[in-house]
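Biologist: I am new to this structure and would like to learn how to read its features one by one. Could you show it to me and then take my questions in turn?

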Amino acid sequence: MNEILTQEKSIYIQIKEMIENDILRNILLEEERVPSTNELAKLYAINPATAAKGVNILVDEGILYKKRGIGMFVATGAKKQIMEKRKKNFYNDYVKSLMAEADSLGISRQELIAMIQEAENEKK
Amino acid sequence: MSELKAKGITKKYGTKEVLHGIDLTLEKGKIYGLIGRNGAGKTTLLSILTSQNPATEGSVTFDEMQVWENPEALKHLCFSRELNQLQGGNANAMKVKEYLWAAATFFPYWDKEMAQKLVDIFKLDVKQKISKLSKGMCSMVTIIVGLASKAEFTIFDEPVAGLDVVAREKFYEILVEEFMETGRTFVVSTHIIEEASDIFEEVILLDQGRILLKENTQNLLERAFHVSGHEEEVARAVEGLTVHHEERLGRSRGVTVLLEPGQRIGTEYDVSVQRVSLQKLFVALCGEE
Amino acid sequence: MRLKSHLKYWGRNAFVWTGISLVCVLGFWIMNELSSAKYIQGIGLASTFLVYLTVVGAFVSMIAVISTFQTEIPRLVSMNVTRKAAVWGLTAGHAATALLHMLLGILIWCIFGIGEAEMVVFIASLITSVMLGFGGFGMLLGASVLRWGKIGTIIMAAAIMVITIGISAFIAMGGKDSFRGFSMETVAELNFWPLALAMAAFYLLAGAAGFMLTRKIEVRV
């Protein structure tokens, strides 16, 4: 949760992603309370409306839910949901741009696959 | 819902017109940032909004009431600005604590405890004479007055001038905390744009006596981009778009664009597209003469 | 208009300025005690004090009102007091200061003089006239400075010079001596009340003029 905000993305999206990351890393467990928008605003020195915007996206996606009078909670199955969403985005965010970059450098498909294999070998 | 509304505000000094027919509505429960170059008219506009300065034309209303010389409207407002340290005579001898006493006497919702708490946080010596204060301490006094006034609509004119970075961060922190607790409307005019931009829900850009834009900060930044690359590629990518602040070095070219609804950047061309900070956007829009 | 706030603020002001005058009078008394008996005891001494207090009151009126106009009225407006309330607050405040000076004068007479009713009436009317007159004048000047800035300051400086020269000339030409020989009877014959009333009217008009001049002033940094 205590990452620094960058300028690369809208702040409310960063808030959203940070909460997602924390859910994936088991910093926030399912059915546990999430920091309130006020606490988030205070922590990051941002306008509470911005923090709320990020949190509300997660509520709309079903990753968080609201318990009236108490606060926001992580929904059951949220971790799995986030993983699947990110897997889908992996294709667009990483794979496609990997191929575009490889193309601009003139790396053929075979070379690319060979590189992936090499990286895999290095890990072992 | 309470609104501070300016309609058709024009201000002339002799033949020189410094504000041109400004319309502005400020809503309750938001933190606004007002940015603009020196001489753009920020202080003049803010003064007019709070009856500190009469408009040449136009009107300012609060909750449908006229603001000018109207105690009923004024009791909900506070304009906290730089203290005048150079006034002669009686004022020179005035101490900070007397100034705060005057503020406590006339601001109907003044919070004495909050004022004292802030004096302690900022380690302000209230026995000091106003004329002897450093610029930073002057800023602290104006911050204390603005916050402790507990006015529904509180306007700060350059509150962090002279404060070091730690004190500035403290101010933003206290401001947001107060906002979260009370929902007061704050308008902060500042030159130190970048560090303050995160706390502004909406930003108002004043350029040469006109409002260039008034928009939710996040939304604004989502439609501002810096496009760079080979000058020919950049030209193709931004065709049809209004281009601001061009940078050139050899064949390399960089421009800033602000997308209107329906517009897009031609990312199929070989260009780098990056987001822009509020400060860089401001310079791009208002930097050229 | 929150009356209590204004009473508090201007009341405090009135006491501060009266305090200053009191200190001046005490200083004068100490000086008088330390020097050899230059003044006739009894009636003479009280009269001397009175003259002194009146002169001090005159200066206080001018200085207090002008400086208040210049510095406190803009400050009050910056704290959301309407211009109207600020000017009328000042008007009432200075009238209160004049009242306090008058009481101070009566007190002095009671201590050093004989305390007869005619004397009290005389003192009251004299001090009232002087302070309201000078106060009104101060208001016109102060408002001019606020309204017209530099030009106003020049007018003000010129006016103060004229007044100072005038008073000095009056004293130099033996005006002070004429007070020395005052006996109770001559003094009792003087009736300053018409003058006091005239000055009061002038004062109120000056207050109104002060407001008219500063109706639309800007509060500047």
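Modeller: What follows goes from the contacts between chains to the make-up of a single chain, and it should be kept in mind throughout that this is a predicted model.

Biologist: When several chains are present, which of the pairs of chains in contact share the most contacts?

Modeller: Two residues are in contact if their C-beta atoms, placed from the backbone, lie within 7 Å. Of the 2 pairs of chains in contact here, chains B and C share the most, whereas chain A and chain C do not touch, with 28 Å between their nearest C-alpha atoms.

Biologist: How many residues do chain B and chain A each bring to their contact?

Modeller: Chain B brings 15 residues and chain A brings 15 residues. On the side of chain B that touches chain A, the elements giving two or more residues are helix 6 (165-182) and helix 8 (217-222) of chain B, and helix 6 of chain B gives the most, with 5 residues.

Biologist: What kinds of residues make up the side of chain B that touches chain A?

Modeller: That side of chain B divides into 7 nonpolar, 2 polar and 6 charged residues.

Conventions:
Residues numbered from 1 in each chain as written. Chains lettered and ligands numbered in written order. Predicted model: local features only at pLDDT ≥ 70, side-chain atom pairs only at ≥ 80, totals over all residues. Helix = DSSP H or I, 4+ residues; strand = E, 2+ residues; numbered from the N terminus. Nonpolar A, V, L, I, M, F, W, Y, C, P; charged D, E, K, R; others polar.
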